[in-house]
Amino acid sequence: MTVIPQDQLPRVSGSSSNGDGELDNTIERPGQRAPLILGGMGFTEVTETVTRINAVKTPKAWYIAFAISLGLLSLLGLTIGYLVTTGVGVWGNNQPVSWAFDIVNFVFWVGIGHAGTLISAILFLFRQKWRTGINRFAEAMTIFAVMCAGIFPALHVGRPWLAYWLFPLPNQMSMWPQFRSPLLWDVFAVSTYASVSLLFWYIGMIPDLATLRDRATSKAKQLAYGIFALGWTGSSRHWHRFEKAYLLLAALATPLVLSVHSVVSFDFATSQVPGWHTTIFPPYFVAGAVFGGFAMVLTLAIPARQFFGLKDIITRRHIDNMCKVLLGTGLIVAYSYAIEFYIAWYSQSNFEQFVFLNRIRGPYGWAWACMTFCNVVAPQLLWSKRLRSHLGWVMFVAMCVNCGMWFERFVIIVGSLHRDFLPSSWGMYIPTWVDLGMFAGSFGLFFTMFLLFCRYLPMVAMAEVKTVMPQSHPHAGPHVNRHRFDYWPDERDHVPPMKKGEAAQNIRDWTGI
Amino acid sequence: MADTTTTTTPHPTTPPHVTPGGHRPRYETTLPELEHEEEVLAGYLAEFDTVDAILAAAEKVRDAGYRRWDTHSPFPIHGMDDAMGIRPTILPWIVATGGVLGLLGGLALQIFTNSIDYPFFISGKPLVSLPAFIPVVFECTIAGAAFTAVFGMLVLNKLPMLYNPLFKSERFRRVTNDRFFLVIDATDPNFDERETEKLLRSLNPIALERFTD
């Protein structure tokens with residue numbers, strides 16, 4: 001499979017606000033692969049482009065962004081301090097809406113994390129080489145999003161200083177957590193997810209931390225990066241085990257990420273509340289999470305590639321592919337919305353039917369309208385190739401989806417709770433300033449962490465990017481096309497017919513068993 | 001083309017137990033002073049600039065029968081395992097063990113806490129309710145396997161190892177950037193100062209260096 005030469009790529013057309021005539025590698029040419037790294041870069045240039053971000057003097061814009069994020073983060077600290085010293089009554093949730101912003105925000109943030117794991121694990125297993133340009137910061141996004149998510153249930157328990165009761169620790173009451181409750185499954189799912197994501201992120205970063213160590217300009221930097229690089233030397237014997245560990249982690253993280261949002265959806269699905277009690281929640285939640293997460297990846301990637309000069313590594317094709325994932329998962333989400341209404345009608349349950357009509361016509365109908373516009377209507381713009389290659393429109397859709405996915409959780413949680421079986425116990429939920437402040441503050445935490453990451457850690461997985469460059473492949477000899485798992489049809493033509501035992505050998509090579 | 005450089009650090013003139021200010025430590029040392037000794041040759045370091053070159057070189061060194069040698073590259077090279085004759089790692093088995101232990105641990109935890117130590121009935125479910133235990137068992141399995149994969153890999157790779165004689169080489173810093181290195185350790189039974197150097201020169205590296213420990 002040859003790669004399309006870069007001088008044959010067209011330039012992106014459009015106004016100056018839409019890029020400065022970047023190379024357009026989204027073109028499709030049968031039998032040829034579009035290049036993933038542009039600008040005629042070699043290994044050296046990739047290293048320089050990425051490490052430059054850490055090496056240059058901190059830009060003024062970074063300080064401004066950091067100050068704003070820090071301001072929001074202090075708002076989070078303030079509201080948490082106020083809540084802890086006063087009580088959860090400072091939130092607006094009360095019967096019948098006992099789960100509100102706290103749980104909405106928790107599900108929202110956990111969901112965002114899923115795109116990072118999808119990119120790093122699932123796309124890795126599917127051999128989607130374009131993932132290498134974006135996986136590092138998508139994984140970072142996962143970790144920071146899970147951090148934001150973790151705050152809310154910890155506060156929601158009411159007495160946060162007793163949050164450790166969630167874990168099976170021996171205590172003076174001789175009591176244990178109740179393992180037959182989905183709320184406890186959630187504790188295990190989210191904490192496993194957080195720790196495995198952190199491991200995955202860190203392990204992938206070791207070779208790049210070694211790059212920063214070897215290019216450090218001061219003793220302090222060399223020491224700091226050196227400690228976290230663990231003495232990595234790029235030994236082939238190490239790479240062999242490293243790749244195996246990475247593959248295994250990807251294979252483990254894939255079912256894990258699907259399980260996490262499934263378990264989150266069990267919190268709702270195993271209850272009796274109309275609008276929650278439904279079996280399609282696990283796949284519906286997972287698709288929604290990936291959908292929302294990809295919107296957040298785009299929201300971060302588009303400004304980051306512009307600001308940090310990564311246009312040749314996070315190319316138009318990366319954006320285009322992410323748009324397609326957004327569109328695909330968006331269609332699954334739209335289908336889920338539709339099927340929920342159908343099932344409500346089909347169930348012939350008065351309460352179920354009422355809840356769904358109430359979503360549209362009830363007092364929170366505006367939230368439903370907002371969700372539907374943002375999650376169902378707006379992504380349809382991405383069917384158009386022209387709009388997909390216009391960064392302004394892509395950003396618009398991504399922002400819509402960010403909002404829409406938050407409203408989806410609001411519609412599901414508040415929209416189902418506020419009017420259930422007995423009209424005498426209906427009520428309304430109005431957020432207080434603490435609710436709003438804490439939500440805004442969680443963005444402060446997220447962006448503070450993200451900015452620190454951009455400044456001090458390798459933002460792009462350099463070692464992985466180098467493996468997808470044409471220079472990294474041996475040009476001849478027995479190493480080419482050794483495996484026939486590649487799905488490119490024309491490559492398969494050049495492979496001699498399979499010898500006896502070759503298939504078994506391939507499987508052994510792949511699995512190491 | 002190939003240049004040979006030997007790195008030696010000057011031996012410190014003050015004995016190691018005397019502090020720079022000239023103060024003796026509180027304890028008296030009876031250890032004899034280290035003898036002045038030439039630093040020992042730890043091996044050869046050959047530098048290459050393309051994937052093809054390092055692969056070809058690795059095959060030759062493998063065929064020459066060396067065992068304590070390695071190649072170093074900024075990224076994993078496809079086909080290097082074969083070129084070097086690296087046998088598949090045992091890691092998957094260790095990870096499988098970790099996963100099974102996680103599975104059993106998760107199951108034991110739930111049965112012990114909810115059915116034996118403090119049995120309580122919830123919504124009419126049996127005390128040992130396997131279906132209700134599945135999510136936590138699953139998470140524990142994944143956690144067990146994932147932690148084993150990461151720490152197992154680090155242990156097998158003998159990492160962290162913050163000191164490495166290779167780090168003394170200025171040239172070697174490019175191993176995490178754009179260069180490829182082949183290292184033959186002096187402890188290899190086949191190592192011979194002359195013969196090994198001859199072999200490495202024949203591989204046509206862009207640089208050849210002796211490194212010391």
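Colleague: At what angle do α5(A) and α7(A) pack?

Modeller: In this predicted model, helix α7 of chain A covers residues 236–269. Its axis and that of α5(A) are 9 Å apart. The angle at which α5(A) and α7(A) pack is about 150°.

Colleague: Which term describes the direction of α5(A) relative to α7(A), and what is the hand of their crossing?

Modeller: The crossing of α5(A) and α7(A) is left-handed. Angles over 145 degrees count as roughly antiparallel, and the angle here is about 150°. The relation of α5(A) to α7(A) is therefore roughly antiparallel.

Colleague: How many nonpolar residues are in the contact of α5(A) with α7(A)?

Modeller: The contact of α5(A) with α7(A) includes 3 polar residues and 2 charged ones. The nonpolar residues of this contact number 20.

Colleague: How do α4(A) and α5(A) run relative to each other, and why?

Modeller: Helix α4 of chain A comprises residues 131–156, and helix α5 of chain A comprises residues 182–214. Their axes come within 9 Å and cross at roughly 150°, and α4(A) passes α5(A) in a left-handed crossing. Since the cut-off for this class is over 145 degrees, α4(A) and α5(A) are therefore roughly antiparallel.

Colleague: Which residues of α4(A) make the contact with α5(A)?

Modeller: On the α5(A) side, the contact is made by A:V190, A:Y193, A:A194, A:S197, A:L198, A:F200 and A:W201. The residues of the contact of α4(A) with α5(A) divide into 9 nonpolar, 3 polar and 1 charged. From α4(A), the contributors are A:E139, A:A140, A:T142, A:I143, A:V146 and A:G150.

Colleague: What radius of gyration does chain A have, and how compact is the chain?

Modeller: Chain A has 17 helices and 2 strands. For its 513 residues the globule rule gives 24 Å, and the radius of gyration of chain A is close to that value, so the chain is as compact as a globular protein of that length. The radius of gyration is 25 Å.

Colleague: How far apart do the C-alpha centres of domain 1 and domain 2 of chain A lie?

Modeller: The domain assignment of chain A places residues 2–475 in domain 1 and residues 482–513 in domain 2. The C-alpha centres of these two domains of chain A lie apart by 35 Å.

Colleague: What separation is found between the centres of the two domains of chain B?

Modeller: Domain 1 of chain B consists of 39–85 + 159–212, and domain 2 of chain B consists of 91–156. Taken over C-alpha atoms, the separation of their centres is 44 Å.

Colleague: Which element of chain B gives the largest share of the side that touches chain A?

Modeller: In all, 57 residues of chain B are in contact with 58 residues of chain A. Elements of chain B that give two or more residues to this side include α1 (51–63), β3 (69–72) and α3 (91–117). The residues on this side of chain B divide into 35 nonpolar, 14 polar and 8 charged. The largest share, 14 residues, comes from α4(B).

Colleague: Which residue does a cis peptide bond join to A:Q95?

Modeller: Most peptide bonds are trans. In chain A, the bond in question has an omega of about 0°, and its proline is found in the loop between α2 (60–86) and α3 (101–125). The residue joined to A:Q95 is A:P96.

Colleague: Where is A:L230 placed?

Modeller: Most residues other than glycine have a negative phi. A:L230 has a positive phi, near 60°. The place of A:L230 is in the loop between α6 (219–229) and α7 of chain A.

Note on methods:
Residues are numbered from 1 along each chain as its sequence is written. Chains are lettered from A and ligands numbered from 1 in the order in which they are written. This is a predicted model: local features need pLDDT of at least 70, side-chain atom pairs count only at pLDDT 80 or more; totals for chains, interfaces and linings use all residues. Two residues are in contact if their C-beta atoms, placed from the backbone, lie within 7 Å. Helices (H or I, at least four residues) and strands (E, at least two) are DSSP runs, numbered from the N terminus. Ala, Val, Leu, Ile, Met, Phe, Trp, Tyr, Cys and Pro count as nonpolar, Asp, Glu, Lys and Arg as charged, and the others, Gly among them, as polar. Domain bounds come from an automatic or database domain assignment. Axes are lines fitted to C-alpha atoms, for helices over the stretch in contact, and angles run from 0 to 180 degrees between N-to-C directions. Angles under 35 degrees count as roughly parallel, over 145 as roughly antiparallel, 65 to 115 as roughly perpendicular and the rest as oblique. A crossing is left-handed if the near helix is turned anticlockwise from the far one by less than a right angle, and right-handed if clockwise. The radius of gyration is taken over C-alpha atoms; the globule rule is 2.2 Å times the number of residues to the power 0.38.
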